[in-house]
Amino acid sequence: ITKTSGSKNNSPLMPARKIIIDQDTLGPATSNLQSVAMLLNAPDVEVLGICVPTGDHWRDLQVRHALRLLEIMGRTEIPVLPGALTPLVRTLTDHTLWEKQHGRLYYNGAWDFARPGRTVDPHATPDLPEGNPTTAPAAEHAANFIIRQARAHPGEISLWCAGPLTDVALALRLEPQLP
């Protein structure tokens, strides 16, 4: 049995493990993108797609970092799927009120406007230090992609989540039978 569909690494000994990466992909050259690169280069892994929610930074900027990484690695056949733009429950107003009552949190992700490069605009996409991507993200939402792939490959998919689990929560809300 060998790997299939778009993988650069073939192994005649075992089938490829189908993985969907769900990760906020802050870049360039952060541990977020390094972990994605390691999975892309793993000889026993077939990455079906990279789902990107807001996390360390806003989703749209992180989607561009993921696209650029795939271009640099020559792996543009892998779709990058925009996921959740905001948390399901908490809003920026909730967050601000909580900090007024309890004190500043050490880590605030995309809402940490005091950190360099942070902006209130979730759709801001400044030029990237590693160069701007020339490819576009998939039109499908990450939650729908997770559901579609799980239906296409029942029992064969592993979700590798290394960021906020909002995309997974949305997929479960849309398809409660997913697990």
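Helices and strands here are DSSP runs, numbered from the N terminus. The model shown in every view is predicted.

Figure 1. Along the sequence, the protein chain follows the pattern β-α-β-α-β-α-α-β-α. That pattern comprises five helices and four strands. The radius of gyration is 17 Å, close to the 16 Å that the globule rule gives for 179 residues, so the protein chain is as compact as a globular protein of that length. The C-alpha atoms fill a box of roughly 60 × 40 × 25 Å along the principal axes. Of the 179 residues, 44% count as buried. The accessible surface of the protein chain comes to about 9,500 Å². Carbon and sulfur atoms contribute 58% of that surface. Among contacts with a separation of 6 or more, 75% are between residues 24 or more positions apart.

**Figure 2. Helix H1 and its cover.** Helix H1 spans residues 31-41. Its buried residues are Asn32, Leu33, Ser35, Val36, Ala37, Leu39 and Leu40. What lies over them? The cover includes two strands named E1 (17-22) and E2 (45-52). Helix H2 (59-73) and strand E4 (157-161) also belong to the cover.

**Figure 3. The salt bridge between Lys18 and Glu46.** Side chains of opposite charge can pair when their charged atoms come close. Here, the closest N and O atoms of Lys18 and Glu46 are 3.5 Å apart. The pair links distant parts of the chain, with Lys18 in strand E1 and Glu46 in strand E2, 28 residues apart.

**Figure 4. The salt bridge between Arg151 and Glu175.** The side chains of Arg151 and Glu175 meet at 2.5 Å, N to O. This pair also links distant parts of the chain. Arg151 sits in helix H4, and Glu175 in the segment after helix H5 (166-174). The two residues are 24 residues apart. Arg151 is exposed, at 58% relative accessibility. Glu175 is buried, with a relative accessible area of 17%. Elsewhere, salt bridges that share partners join Lys18, Glu46 and Glu156 into one network.

**Figure 5. The salt bridge between Glu140 and Arg148.** The closest N and O atoms of this pair are 2.8 Å apart. Glu140 counts as partly exposed, at 23% relative accessibility. Arg148 is partly exposed as well, with a relative accessible area of 41%. How many salt bridges does a search of the whole structure find? The search finds eight.

Figure 6. Which residues make the nonpolar surface patch? Leu92, Phe113 and Val120 make it, over about 230 Å². Phe113 lies in the loop between helix H3 (92-102) and helix H4 (142-152). Phe113 has a relative accessible area of 30%, so this residue counts as partly exposed.

Notes
Residues numbered from 1 in each chain as written. Predicted model: local features only at pLDDT ≥ 70, side-chain atom pairs only at ≥ 80, totals over all residues. Heavy atoms only, no water. Buried < 20%, exposed > 50% of the residue type's maximum accessible area, 1.4 Å probe, protein only. Contact = heavy atoms within 4.5 Å. Patch = residues over 30% accessible without salt bridge, like charges linked within 9 Å, V, L, I, M, F, W, Y side chains within 5 Å. Areas by Shrake-Rupley, 256 points an atom, 1.4 Å probe, with all protein chains shown as cover. Salt bridge = Lys/Arg side-chain N within 4 Å of Asp/Glu carboxyl O. Rg over C-alpha atoms; globule rule 2.2 N^0.38 Å.
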